[in-house]
Structures are given as C-alpha cells and as structure tokens.
Amino acid sequence: MPRGRQVSSPHPYIPNTDDDRRTILDAVGAGSIDELFADIPGEFRIGGLELPPAVSELDLTREMSDLAARNVAAGNGVASFLGGGSYRHFIPSTVAHVVGRSEYYTAYTPYQPEISQGTLQTMFELQSMTCELMEMDVSNAGMYDGASALAEACLMACRVTRRSRVAVHSSVNPAYLAVVRTYAAGPGLAVDVVDSGELTSDHACLAVQQPAFLGELIDAWSLSEAAHSAGALFVAVADPISIGMLAPPGDYGADIAVAEGQSLGWAVNFGGPYLGLFACRQQYVRQLPGRIVGRTTDLEGRTGYVLTMQTREQHIRRERATSNICTSQQLVGLAATVYLTTVGKQGLRQIAEACYHKAHYAARLIDGLDGYSVELGRLSFKEFVVRCPRAVAEINRTLLERGIIGGLDVSDQIENGMLVCVTEMNSREEIVGLARALAEVAR
Amino acid sequence: MPSPADLKYTKEHEWVRVEGTIGTVGITDYAQDQLGDIVFVDLPAAGATVSQLQKFGEIESVKAVSELYSPVTGEVTEVNTNLAERPELVNDSPYGEGWMLRIRLSDPAEIEKLLSAAEYDEFIAQGEA
C-alpha cells in the first residue's frame, strides 16, 4: 500500500473506502453489496469466512511448513510410478540456471520487440524445436497445457474444414477429452468418442493419442488415412519424450500435432503451470491459435524477432480471434527450450530407450507375480496396465505406507486396473521394491 | 476520387460489376486504403454458393483481419487465384486485377438493394465526417 495514503478501509489490502464503495454502488444502481451480488444463488455463497486471528510471519511460516510436510513427494527415498499425463523425468541443472535468471523471470507476453529480443528469440527457438521434434511445418509459442492444446486443435479443425463435429479416439486421455468437451460447449460443437477411424462427412477431425493413454501403440497410419479420406484433419497428441524413439506425428500424417511439454524440464506438480506444444502444416498457419514469433530483419539488415500474425489475436480481432488464450507459458516454454538444447537428439533417444527398457523390465516382473497380470504385448513405451487382485485404491494406500507412490487407478476403465509408469528416474531397486511390495499386498 | 459509376456497392465496402448473369466482386478503393497493405485473402472455392450480404471470406492486412460480404446471391463460377501469390493486387488495382469472385446471379433483382456510386461516395463521406 502506498505510504501516506489515509483510508478508512476495513482491510489493508482493499484500498477503496466506504465512500468509494457508495459511489460505485450508486453508479451501478445497487443499494448495497448484497444487492449487487443478488444474482448469485445463496447456496453458492460462503456465509462469512471463519478465519483464525492474524498471526506473525514466523508463526505463519511454521504453520505452512507443517502443512507442506504432510505432502509425499517423489524423490528422497520415495519412489513414484504415477504417470497418466504428468511425467517425472530428470531435469538437468542447466534448466533452473537459465529459467531462474531475472531477465527471463517474467512469464508475460513480450509485446515490445525493442526491449524483448532475448525472450522472443527463446520462443522462436522453442517453436523451431517443436517443429523438428514433431516433424511439422509451423508451431505457435505455446498453449496452457496438453489438454487445452488438444481442445484448441479441435476448434481449429472446425475452422479449417467449416464442420462442427469432432471425433476423439478412445486412445486419448479421459482428462483431455473432458477439456475438449468444455471447449466445445461454447461454440456448440458435437464431440463423438470413436474406437475406429469410421467418420462421417461432418467430422472436422479425428484426434488420437500416441502412445495411447493406457500405454499401447495405436495404428496411427491407418487412422490418419481414414481421417483424410473423410475429408477431416488428423490431430495427434504425442508424448514428446517418446519421439526420441517412436515415429513423430508428421511421419504418420498428422495435420495438427499437440503435446504436453511438462516432461521437458518441468517438475510434476498439481495444478500447473504446464505447457502445451502446438504445431501444424504450413497451409493451416492462418488458423493456428495463439502467438507466433517470427524472425525478420530490421532496417539495417540485422536479424530480429517479433510477434507475427497478431491480426488474428484477440487484442485486435476480439470475438473473431482464432483463440482466447491470454497467459503466456513462456517460462515453462523456456525450460523446455533449455531441456531440449541440453539433451539434444541423441540424449532424447537415450532417455526414451531407458524408459522403454525399464518399463519392460517392470512389466515382466509384475506379470510374474501371483494375482497380477500385464498384457505385455500392449506395452509400447513407458506405461502399462496392471490387473490387480484387489482394489487399486487399497493397494496404493499400502504402497504409500512403504514409501511407494503407486500407479494411476484406472479401474473405471479396466477392472482393478492400475496404470503404471516407469521412467529413467526409477532405479532397478525401486522397480524390484515395487514388485516385492505388490506381492506382499496380494497375500 | 469518385467511385466508378458502372458498379454497385455494399455498405461493407464491396463492389459488384454485373455483365449479363455474371457479377464480378471485389472491395472498394476506400476499403483497401483503410485496410493498408493486404497480405492474405481467403476466398471460397469455385462451385460454392454465397448469399447477399453474408460472409464469403476474409481479408488480412498488416493491421487487421476483416470479413468479406457478398453483394449478391449465387454460385461462385471463378476465383481470382492470382491473389494467393499476389494479394497486393487488391491495393494496386481494387476495381481491376484485384477482383475476387465471379458469381452467377440467382436473383438479378437483388442488385436494386445495393448502393449506386454516388450513394456509396456519400456513405463514406458521412463516415469520414
């Protein structure tokens, strides 16, 4: 609060005075604050917060530390086999060093190229790497996360094809499907979940996930052909680490490729921020949502970077913009840029292979346990479904007591199914420890 | 400079030149001047149908993206494919090489609803005032 300002406010962080509030209420024609909020049904209102009295900074820090200590985080003796969309991969120390520099420590969009050349260049590099990784022509500067990137891809496919139905393949993460449904509700687009490539002539796209949510490889080439023969775009959700060893979306005919970028140098955390990667074919560039950084030359012929094609963004085109994305994920994008630069093409391949081999080792070990089974033939990369002898929630509770964060409970899809994720972070000892704990739980 | 007298105009700044049953459509000199350098024109394919005063495409300049509205109803018989490579033709020659569509008119009487050159010039003069 500015020094010297005298206010008769009931709260130090709410600067408007009783007179200010009276003036505002009069201007909008409401008699009281309660009248102003009369449209909000009573059941959704909090009837006054029951807060404890204010405490000192020291006491507050202690309280928050105690709360934080109740979390169980992977590492320091706790093994994690949880995946399903967020993945624990090694983060080289270069990432924190670069991301933590104060020059970059504003996540917001640099609209002014005259003062933002460094940030704009890192965004341009991320776009270039996204294109190389996905084997696509153009990329934007990032979306909120993988799920919203997929939803934006579906909206974009509808704009390109002028159709209003979206087909989402059963391989797609159910959480992503939920976000697609949310985005589709406003513009009134229909969302169909499909098991095959059988589309109708009013489908704008077929969206698939490779590898599938439950870990297996899908026949992306056939599905891509099926989508194209129906006049629809083919949208692929890819695991960026998997591309170190598996075919990239461009190889199997994707028109739009999206990915969750969290795996690339960003820790698993609840609630974000994460990073959506988004790339497409050159011919669709004018329907690409979000911001794009372009490389150009200034009057003296020097290389420079600018936000380009802004005419399609909401600050110029309002409700007809290609997207209503506001927040720049630049800081997470910078982490992905530094990560990919650090590990390089060969490193990405080695990381992918380590995941692959460790996951296969774990799957064979668990499949050999009494009461557990794994369809080994379906395992393609780093995740696989284990059919357990008991409820997954119960098993996971017991595992947690032994310092193991178990796999994702997918028993809503497969009876007693646990989606286990193994990455390069899981040591041989951790994998053996998981198998041993599972065997004991089954007894 | 007055708008060409042989054309009809919309308040959305498109023009149409009717020759027999075919109408040639473009945007006015005033519109291209307001938009600035044109960088992209998104047009429907030949065979598509368009309706009077309904959106048929988009035009993008360095400043903005705007909708294009058809002055007439009918089937698109021809599209100016030169604009894909040379969108600046719209700036250089809005009533000539910068044309956009040829449309087979399904209702020639619709033309009467459009503005004459004098009416259009008065309309933009009012907007400027």
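A residue is buried if 20 or more other C-beta atoms lie within 10 Å of its own. The legends below describe views of a predicted model.

**Figure 1. Overall dimensions and burial of chain A.** Of the 443 residues of chain A, 41% count as buried. The chain contains 12 helices and 15 strands. Its C-alpha trace spans about 75 × 60 × 45 Å along the principal axes. The radius of gyration of chain A is 25 Å, which agrees with the value near 22 Å that a compact globule of 443 residues would have. Among the contacts in chain A with a separation of 6 or more, 71% are accounted for by residues 24 or more positions apart.

**Figure 2. Packing of helices α6 and α7 in chain A.** Helix α6 of chain A covers residues 146-161, and helix α7 of chain A covers residues 174-185. The two pack at an angle of about 45 degrees, and their axes are 8 Å apart. Because of this angle, α6(A) is oblique to α7(A). The crossing in which α6(A) passes α7(A) is right-handed. On the side of α6(A), the contact is made by A:Gly146, A:Ala147, A:Ser148, A:Leu150, A:Ala151, A:Cys154 and A:Leu155. On the side of α7(A), the residues are A:Ala175, A:Tyr176, A:Val179, A:Val180, A:Tyr183 and A:Ala184. By class, the residues of this contact comprise 11 nonpolar, two polar and no charged.

**Figure 3. Surroundings of A:Asp145.** A:Asp145 lies in the loop between β2 (138-139) and α6 of chain A. A:Asp145 has 27 C-beta neighbours inside 10 Å and therefore counts as buried. Not counting residues up to four places away in sequence, A:Asp145 touches A:Glu260, A:Gly272, A:Tyr274, A:Leu275 and A:Gly276. A:Ala257 is 112 residues from A:Asp145 in sequence, yet the C-alpha to C-alpha distance between A:Asp145 and A:Ala257 is 13 Å.

**Figure 4. Helix α1 of chain A and the residue that follows.** Helix α1 of chain A is formed by residues 18-28. This helix is hardly covered, for the count of buried residues among its 11 residues is zero. A:Gly29 follows α1(A) and has a positive phi, near 75 degrees.

Figure 5. Chain B has four helices and nine strands. From the N terminus on, its elements follow the order β-β-β-α-β-β-β-β-β-α-α-β-α. The C-alpha trace of chain B spans about 35 × 35 × 20 Å along its principal axes. A compact globule of 129 residues would have a radius of gyration near 14 Å, and the 13 Å of chain B agrees with this. Of the 129 residues, 37% count as buried. Residues 24 or more positions apart account for 62% of the contacts in chain B with a separation of 6 or more. Between the chains, five residues of chain B are in contact with five residues of chain A. The side of chain B that touches chain A has three nonpolar, no polar and two charged residues.

**Figure 6. Surroundings of B:Ser106.** B:Ser106 is placed in the loop between β9 (101-105) and α4 (117-128) of chain B. With 15 other C-beta atoms within 10 Å, B:Ser106 is partly exposed. Leaving aside neighbours within four places in sequence, B:Ser106 is in contact with B:Thr73 and B:Gly74. B:Ser106 and B:Pro4 are separated by 102 residues in sequence and by 24 Å in space, C-alpha to C-alpha.

Terms used:
Residues numbered from 1 in each chain as written. Chains lettered and ligands numbered in written order. Predicted model: local features only at pLDDT ≥ 70, side-chain atom pairs only at ≥ 80, totals over all residues. Axes fitted to C-alpha atoms, helices over the stretch in contact; angles between N-to-C directions. Parallel < 35°, antiparallel > 145°, perpendicular 65-115°, else oblique. Left-handed = near helix turned anticlockwise from the far one by under 90°. Contact = placed C-beta atoms within 7 Å. Nonpolar A, V, L, I, M, F, W, Y, C, P; charged D, E, K, R; others polar. Rg over C-alpha atoms; globule rule 2.2 N^0.38 Å. Buried ≥ 20, exposed ≤ 12 C-beta atoms within 10 Å, placed from the backbone.
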